[in-house]
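Have your viewer open and follow along.

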Amino acid sequence: MEDIKCCVVSCEKPLDASYWEAQYQSKSIGWDLGDISPPIKKYIDTLENKESAILIPGCGNTYEAEYLLKKGFTNITVIDVAPTLVAELIKKFSNNSNITILLGDFFEHQGKYDLIIEQTFFCALPPTMRQKYVWKMHQLLADKGILAGLLFNRRFEINPPFGGDKTEYEMLFKASFDFLQMDICLDSVAPRSNSELFIEFKKNNQVNVNLYTMSGITCSDCANTITEKFLTISKIVNVSMNSNFTSVLICSRNEVAIDTLRELISYDEKYRIEK
Ligand SMILES: C[S@@+](CC[C@H](N)C(=O)[O-])C[C@H]1O[C@@H](n2cnc3c(N)ncnc32)[C@H](O)[C@@H]1O
């Protein structure tokens, strides 16, 4: 209950480019570790193909990219919405053709990557965007692409960051990704000790992952009923609705016609679904 209250309050705060820009301008970057996180460093040390296309979204000061460059990786892209930060990164990595630095919104970004590294980006987004995050990650990954990094395994009273737990992540990423790893980290930095999961998720190419906008749903009972109805379609393998019932992620073995979904929610004329 406490979490729901705190999430609703915080979600009203627009966590947009201006918000993040203000954090960098005022140097209020409490999340910044000043170095690469040990579990991510360890993971990078296992990677063999130095030409893999690697994306780091919500990159911040991107110690991960710095480490990748040091290890000889040649195809790194980092993206962030905060102009002050990105100007600094452009200076810092100037003349290095192995890294592309982009100012922009991850959700608008187009590309194909073998690996996407998650480091305190997911937890910086309003929880209502989690379904969109899964959809976008699935889109940006190449066949057999990997999403790897850290997710919090705890809640926070003040947000961002927005936390979560293993069960929630399983429900969210289920079927869109195969879970290669999702374990408590034993080598997190001290302030995050016992509160991070290391994830390594492989894109499931066998499914379609679609994001729909929804309207007319006002309570979790209705959301659950609709979710159950969608799951009666045998080719649908996962349905995840966001926490304010405005979008739904549907993962299916084959494309599902929008009219089929509309028919299932037509018992209440308030309900609308759009792709
Ligand atoms: C909590 S910080 C983490 C930064 C960095 N990953 C780290 O761990 O130090 C979240 C970052 O995501 C960026 N960000 C937030 N929303 C974004 C979006 N939609 N697209 C790209 N970057 C975004 C912010 O500007 C910020 O740099």
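## Around the ligand

The ligand is surrounded by 20 residues, and the closest are W20, G58, G60, F106 and A124. A residue counts as near a molecule or strand if its C-beta atom, placed from the backbone, lies within 6 Å of it. Sorted by class, this shell has twelve nonpolar, five polar and three charged residues. Here Ala, Val, Leu, Ile, Met, Phe, Trp, Tyr, Cys and Pro are nonpolar, Asp, Glu, Lys and Arg are charged, and the others, Gly among them, are polar.

A quick note on the ground rules: residues are numbered from 1 along each chain as its sequence is written. This is a predicted model, where local features need pLDDT of at least 70 and side-chain atom pairs count only at pLDDT 80 or more, while totals for chains, interfaces and linings use all residues.

## Two domains

The chain splits into domain 1 (2-25 + 34-203) and domain 2 (208-274), with bounds from an automatic or database domain assignment. Their centres, taken over C-alpha atoms, are 27 Å apart.

Where they meet, 14 residues of domain 1 are in contact with 13 residues of domain 2 (contact: C-beta atoms, placed from the backbone, within 7 Å). On the domain 1 side, helix 6 and helix 7 (166-173) are the elements that give two or more residues, and helix 6 gives the most, with six. That side comprises seven nonpolar, four polar and three charged residues.

Helices (H or I, at least four residues) and strands (E, at least two) are DSSP runs numbered from the N terminus, and two strands pair if DSSP finds at least two bridges between them.

Strand 8 (residues 208-215) is joined to strand 11 by three bridges, and M214 sits opposite I273 in strand 11.

## Helices on the sheet

Why is helix 6 largely enclosed by the rest of the structure? Because eight of its eleven residues are buried, meaning 20 or more other C-beta atoms lie within 10 Å of their own, with C-beta atoms placed from the backbone. Among them are Y133, W135 and H138.

Note on methods
Two residues are in contact if their C-beta atoms, placed from the backbone, lie within 7 Å. A residue is buried if 20 or more other C-beta atoms lie within 10 Å of its own, exposed if 12 or fewer, and partly exposed in between; C-beta atoms are placed from the backbone.
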